[in-house]
Amino acid sequence: MASSSPPHVVEDVPPFLQLLSDGTVIRFTDGYPLPIPSPPPGQPVVDWKDVVYDASHGLKLRIYRPAAASSSGNKLPVIIYFHGGGYTIGSFDMPNFHACCVRLAGELPAVVLSADYRLAPEHRFPAGLDDAANVLSWVRGQAAAIGDNADPWLSETADFGRVFIAGDSAGGGVVHHTAVGLASGRLGPLDLIRVAGCAMLCPLFGGEERTASEAEFPPGPFLSLPAVDQAWRLVLPPGSTRDHPLANPFGPNSPALDGVALPPMLVVAAAHDLLRDRSVDYAARLKAMEKPVELVEFEGQHHGFFAVEPYGDAGSEVVRLVKRFVYGNGGASD
């Protein structure tokens, strides 16, 4: 009997991972995709720590809070943040995502919960979205917890009546699906917490029909159209097209959003992003449905610019924008 041929590479995502023909995933840890951020002097002091939110899958989140909050006694809004990385790479502890959350926590100020979620291709959709729902369940549990069951940082500082969900790139897609799941009741009741708004930074959406920006824009410094297409092949259920509801919120089989009472939505688009038109179209469709949505486009910027340069001028404007959005949609705690 002839021996079977050895597994071969069917998807190569250099320098991060390879998917083999037998389903094995090989991940490489010696490549880092972004320039390491260097914080300027004079930044607010922010404390952080890691906690487990889903022991069954070994998933953690990082809690950030301004150092001054521990002694002020003031309750702060909560931002649940999901990192980017095409649903295939990334973690809350990557220096760039960490820097983004440090800035948001210190400068808004806010309590920031930056959560990991399972990645494809080992865990295709909807695994990562299920994890996001579990993050919300964990937050609800913290809002109800008392005594030793409550995380002291959250019980002292978090205002669970002002919870916001935010994400960059793939994390922005997580935000959309989580917001729809919450508003439709699919993720259960929101007792003890109130989601006051959602912020999506260069959200990663897809579709079979190319938009003008996809067809005409040159590749960005950290994103190309072949890479986006490859990500969807790795993320979606096998055999799916980019019009799958988990990729295209307005695809032919996607659930209608007309009757879904979404919270206020902030959509940030980058003018030079290959996916720019999808962000703009997303906001326009929500506005046509009379949803509370604000679109802000950053001229001269590429996909994921806040994570690429957390301390750049555009990054500083993102922080100011999110601050205005958060405090404009939550106000002072009652």
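View 1. By class, the lining of the largest cavity has nine nonpolar residues, no polar ones and no charged ones. Here Ala, Val, Leu, Ile, Met, Phe, Trp, Tyr, Cys and Pro count as nonpolar, Asp, Glu, Lys and Arg as charged, and the others, Gly among them, as polar. This is a predicted model, in which local features need pLDDT of at least 70 and side-chain atom pairs count only at pLDDT 80 or more, while totals for chains, interfaces and linings use all residues. Residues are numbered from 1 along each chain as its sequence is written, and side-chain values use heavy atoms, with hydrogens and water left out.

Look for Ile79, Tyr81, Leu104, Ala166, Ala199, Leu201, Phe306, Val318 and Val322 around the largest cavity. Strand S6 (76-82), strand S9 (195-201) and helix H10 (313-328) are the elements that give two or more residues to this lining; helices (H or I, at least four residues) and strands (E, at least two) are DSSP runs, numbered from the N terminus. The volume of the largest cavity is about 50 Å³. On a 1 Å grid over the protein atoms alone, a cavity is a set of points where a 1.4 Å probe fits but cannot get out, and a pocket is an open set with protein on both sides within 12 Å along at least five of seven lines; lining residues have an atom within 4 Å of a point. Grid points are joined across faces, edges and corners, and a volume is the space filled by probe spheres set on the points.

**View 2. The second largest cavity.** This cavity has a volume of about 40 Å³. Its lining is made of Tyr87, Tyr117, Arg118, Leu119, Ala120, His123, Arg124, Phe125, Gly128 and Val235. Six of these count as nonpolar, two as polar and two as charged.

**View 3. The largest pocket.** About 610 Å³ of space lies in this pocket. Of its 27 lining residues, Gly85, Gly86, Ile89, Phe222 and Leu223 lie nearest the centre. Helix H7 (225-235) and helix H9 (305-308) each give two or more residues to the lining, and H7 gives the most, with five. The lining has 17 nonpolar, nine polar and one charged residues.

**View 4. The second largest pocket.** This pocket holds about 380 Å³ of space. Among its 17 lining residues, Arg27, Ile89, Gly90, Ser91 and Leu119 are the closest to its centre. Eight lining residues are nonpolar, five polar and four charged.

**View 5. Strand S5 and its partners.** Seven of the eight residues in strand S5 (residues 59-66) are buried, meaning under 20% relative accessible area, with exposed over 50% and partly exposed in between (1.4 Å probe, protein chains only). S5 pairs with strand S4 (residues 46-54) in the antiparallel sense over eight bridges, where two strands pair if DSSP finds at least two bridges between them. Asp50 stands opposite Arg62 in S5. Four residues separate the strands in this hairpin, and Gly58 takes a positive phi near 65 degrees. S5 also pairs with strand S7 (residues 111-115), in the antiparallel sense over four bridges, and Tyr64 stands opposite Val112 in S7.

**View 6. The largest nonpolar core.** This core has 60 residues, of which Leu61, Ile63, Ile80, Phe82, Tyr87, Leu113 and Trp138 touch the most other members. A nonpolar core is a set of buried Ala, Val, Leu, Ile, Met, Phe, Trp, Tyr and Cys residues joined through side-chain atoms within 4.5 Å. Apart from this core lies another, of 35 residues, including Ile79, Ala105, Val268 and Val319.
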